Every structure is written in structure tokens, then in C-alpha cells.
Amino acid sequence: MNLEQEIIYSIQEAFKSLFAQDIELKQIALQPTRKEFEGTFTFVVFPFLKITKLKPEDSGNKIGSYLKENCDPVTDFNVVKGFVNITVSESSWLDIFKKLYSNPSFGQLPPNGKKVMVEYSSPNTNKPLHLGHLRNNFLGYAVSGILKANGYEVIKANLVNDRGIHICKSMVAYKHFGKGETPESAGIKGDHLAGKYYVIFDKAYKRQINELLENGQTEEEAKKNAPLILEAQEMLRNWEAGDAEVVKLWKTMNAWVYEGFDATYKKMGVDFDQFYYESDTYLLGKNIVEEGLKKGVFYKKENGSVWVDLSDEGLDEKLILRADGTSVYITQDMGTCDLKYHDFKIDKSVYVVGNEQDYHFDVLFKIMRKLGRPYGEGLYHLSYGMVDLPTGKMKSREGTVVDADDLIQEMIATAESHTKELGKIDGFTTEQAEELYEILGLGALKYFLLKVDPKKRMLFNPQESIEFQGNTGPFIQYSHARIASILRKAGQIGVDYSKQSFENLSQLENTERDLIVLLNDFEKKIILAGEEYAPSVIAQYMFDVAKEYNRFYAELPIFNETNKEIQAFRVALSALTAKTIQEGMQLLGIKVPDRM
């Protein structure tokens, strides 16, 4: 039982003893005490006044007095209206520090026996990854790390959209204008080369539309009748029929793209345990349609098309299978749901997909629950908002996309110029400096994209993200490097902090206590971030820890402290803080340097 649980249990006992009432533990919550009041935890009595039948202050005083007399860690309390501010003994905080410091699995909860799949990235093989993909990949990777820290067995999955009309557009353009160009001959990454031909297709297609408009066709007619779009549609039909020439070109261009994606993923620092390909899954789901018809979950219209009626779920009717027997997206997604469960027997399945697909996933999950799938309740759409730059929105068809590779490189270059400007690389070799620029540039980018609640649309400001002050990745990274420097110095001057028991310490300074209180929250933050699928919870916590440590460092001497036990304690507290920052930033996929 941890400290908070002990106090909550005592509050439950207080209600039983003082008011002859049994209160469920889950009804009792503690909040951090506001800085302007004395205390560490605050219990709010207002929701329980019907039970106490006393004024808020009187209720608070009765409960506070009970805690002081019956709960060992509680040494004092004060009541402000209906808020009971609880003071915890110094010895309790020192005990907590020792437990945290000596815990080898700090930041990792025990296995819970459950499996979760997190699907993210899901790129199209007709273009390179862009800024929106960066938010997606960083979210997916961070959520995977957070769920693993919560005790789940995690499978990181990538469903690659490698077929369809958009892929054929790049292929048609390459066929007409490629002249045998390859990534090697062009000196271009394979995913960028495919993207180049997607843009070429769009420009040529628009020219054809304009020509047809001049010949008297309506815009709708021109879009349907342009030779290039007709050729792309024909190519898709040929691909589905297994045409050898089309399949060969498809495999060649996709292989270029995968090589390009692999390089980008490596640079990003994300990876996957399982790949699914739409070319393998697009025919799945038709057997589920038959099952749904038998169970009465789906119904057939006169023209032979199959539908589901979700009006009882607050939605409308949704097409499941076209009259000609061909699949729609929801058909194959139903099949992929079953495939994932068949492969891994997962308890939860998290889809990291932009909020423009909210309706689609709402429909999909309701269907799978209606079909009685064992994993139905564990389906979750981690819906995130789009990312804008100060320059405006991105459009890949027009070739104005904010490319992921370019942005990463730009962030590393910005980190380099900023670091040189501040003179933070004295004594570094060229290789060490380049590694630092990459750690800082990627850390700035990841942290800025992850610190915002995933549901919110956001504006990414590259310049703001790289600052060494404020709520940024580099500020937290610099704080870690500062502590690493302190630990090196402690080793050099012989401060043996690792074997100390700190038995003679009886009094803590305010900033020491505040830092221990905050470090004690790490596990709670991991649980909250896992429940809410929100890396922003960890990001904000990392900023709070770095800020609190910097206050501790500014207010209290470490190496000028004459009491050797206090000095060793402050070094040990620094080491625990560094470990917390390292573990927390690792959950976000961010490296922290030991030197800056």
C-alpha cells in the first residue's frame, strides 16, 4: 500500500467511525495541495456533506483530527472551507524516496496478462511521409511505450495502404513519363520518387480536364472522361485480375517506397512488430457479411447490396457490400479486425488515425460489437487533430506537402545552429556534436508534437520547439545533461551516494520534499496516460519534473554542503530525478543526452 492509498483507506475508516457510513474507496480522491496552503494532499468534503450533516469546516476538522490521531504518516492538517489540507511526516517522504531510489523496476508496472495492438503510421505507397505522419508515428510509438509500462504486452502494427486508384495514378504517370528512372539514377529516395510521379499525374490530369472543358464537356464529365483517370481505373482492374506487367511495375515501385520508408522510420526512431498490407486484406470481410446476414445484424436491399442499420446506436444506415458484390472500406476493415485477433488473440486494439475518420471507426466498432466479437469492447480509435505550420495547410497532390524527411533534417540543422550559438558543445568531437544535434532536433520535434492533447488540432512552430527555455524538449534534455554532469562530479570527488541509508536525516527542505512528492507521482502519471492514451500527460509531467529540479538546484547547494550525509542525499535525489526524466522521455521515444 502506498502513501496515498494509506491516507485514503484512513479516510474511509474515518467515515465509518465518525459517521457510521461505509464509503467505497473509489469515491475518495486526494488532490495536490495548492502552493499557497500548508500541506501535501487535499481532501474535498463537499460531496460528502449529506453524510456528515455538518458544515464544511466542521466536517473537515472532524476528518482531519481523525487522520492525525489514527494515520501514522499524517502529522497535521488545516481546513480552508471544505478543503482538508493534509501534512505528511518528513520520515514518510524519506521512506518513499528510499523505496523509489531502490526500486529496480521504477517506471514499469507488473505484467497485467493482457495484449494490446497499436496500429499506427498506415502510409500510402504513392508518396513519402509528411508532417501529419510524424504526429501519427510519434503518437503511436509513445502510446505503445506507455501501454507497455502499464504492464501490457504490446504489438506495434502498421497497415500499409499499398493498392488502389491512388497507387495506380503514380504507376500510370511513371509509365508515361518515367523513362526508366530509378531512385539510384535520379539520386532520390524511393518514396520521394513515387511521390514525384503522383504530383506529375495530378498536373497532367488537370491539363486534360481543361482541354475537355474547352471542348464543351461539363467539369463532372471532364473529370470522369480524362484519358489518364480512365487509364488508372483500367490499371486497377488489371492489377486485381493479376496482370503480370502491371503487378511487376507495382512490385518494383512499392519496393522503392518501402526502402525509403525504412530510412525515414529509422531516422524517426520508430519501429513495428507486425506489418499488414491492404493488397492482402482488401478481400477480407466478405465471409463476415454472410455471418452478419445470418445473425440478422445486416440486411439485404432489393438490388442485392448489404447494409447495417445503426439507428439504435445513434447513427444511420451504412453500406457493407455493394450490389455487384465488391467490398467497401468497412468490409475489409471488419476482416482485418478478425485477422488481428486471429494472429495475436489481443484484448485491445488501438487505431491511431486522424479525426477525419471518426465516423468510420464509430461505425466499425459498433458493428464488431453487434457481431459479438470477444475483442469488441477493446476497440479504440486514438483520434488526433491535424498539424498546421505557420505557413498554412498541406496538400500532397499539388506537391506542397511538408515532407517528413525535410522537416527532420531542418530540425537537426536548427538544433545545430542554436547549440553553436549558445556555445554548448565545447570539448565535443565532430561525431559527438552531430549526435547531439540529432538528439536535440528530433527531441524538439517529438516533444512539441506530443505535448499537445492528441485530440486538438495544433500549430507546429519549429523555431519555438527548439528553445532551451520553456516547455520544450531541449529544456528537459538540458536538465538531464545538467544532472548527469553533477553525478560525474560526485564520482570524481568521491561522494558515495549509492550505498547511503540516510538514517540520520530527519528534516527536509521544502524544495527537496516537493521534488520527492513529484517523483512519487511517476507511476500515477503512467497509469493516467495509459487510461487516456495521452502521451501529453507524460510530456507535461516531464516538464514539471525538470522545472522542479531546476528550482531545487538553484535554491540548495550540493557540493558546497558541509554535511556529508545531506550532500550525498542531494546527489541521490538528483540521480533519481535523472532516472525519472530518462524513463519518462523514453516513453515518448525521446533520447536524453548526458552532456550538452
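The tour starts with the whole chain and then moves through selected strands, helices and loops.

**Before you start**

This is a predicted model: local features need pLDDT of at least 70, side-chain atom pairs count only at pLDDT 80 or more, and totals for chains, interfaces and linings use all residues. Residues are numbered from 1 along each chain as its sequence is written, and side-chain values use heavy atoms, with hydrogens and water left out.

**Stop 1: the whole chain**

Show the C-alpha trace. Along its principal axes the trace spans about 90 × 65 × 40 Å. Switch to cartoon: the chain has 23 helices and 14 strands. Both are DSSP runs numbered from the N terminus, with helices being H or I of at least four residues and strands E of at least two. Of the 596 residues, 53% are buried. Buried means under 20% relative accessible area, exposed over 50%, and partly exposed in between, with a 1.4 Å probe and protein chains only.

**Stop 2: the cores**

Select I7, F43, L134 and F460. In the largest nonpolar core, which has 129 residues, these four touch the most other members. Such a core is a set of buried Ala, Val, Leu, Ile, Met, Phe, Trp, Tyr and Cys residues joined through side-chain atoms within 4.5 Å. Now select A173, L193, Y197 and Y205. They are included in a second, separate core of 28 residues.

Go back to F460. Its contacts, not counting residues up to four places away in sequence, include L131, V387, P390, M411 and F448. Contact means heavy atoms within 4.5 Å.

**Stop 3: the four-stranded sheet**

Which strands form the open sheet, and in what order? The order is β1-β2-β4-β3, with antiparallel pairing. The edge strands are β1 (31-32) and β3 (74-80), each pairing on one side only. Two strands pair if DSSP finds at least two bridges between them. Zoom in on β2 (residues 41-44) and β4 (residues 83-88): they pair over four bridges.

**Stop 4: β6 and β7**

Select 153-160 and 274-277. These are β6 and β7. The two strands run parallel and are joined by four bridges. A157 stands opposite Q274 in β7.

**Stop 5: E278**

Step on to E278, in helix α12 (residues 278-281). Is E278 buried or exposed? E278 is buried, at a relative accessible area of 6%. Leaving out residues up to four places away in sequence, E278 touches L159, V160, N161, D162, R163, Y329 and Q332.

**Stop 6: I209**

Select I209 in helix α8 (residues 190-214). I209 counts as buried, at 9% relative accessibility. Beyond its neighbours within four places in sequence, I209 is in contact with A222, K223 and A226. Draw a C-alpha to C-alpha distance from I209 to K223: 5.9 Å, for residues 14 apart in sequence.

**Stop 7: P110**

Finish at P110, in the loop between α4 (90-102) and β5 (115-119). P110 is exposed, with a relative accessible area of 62%. P110 touches N150 and G151, not counting residues up to four places away in sequence. The C-alpha atoms of P110 and M585 are separated by 20 Å, and the two residues are 475 residues apart along the chain.
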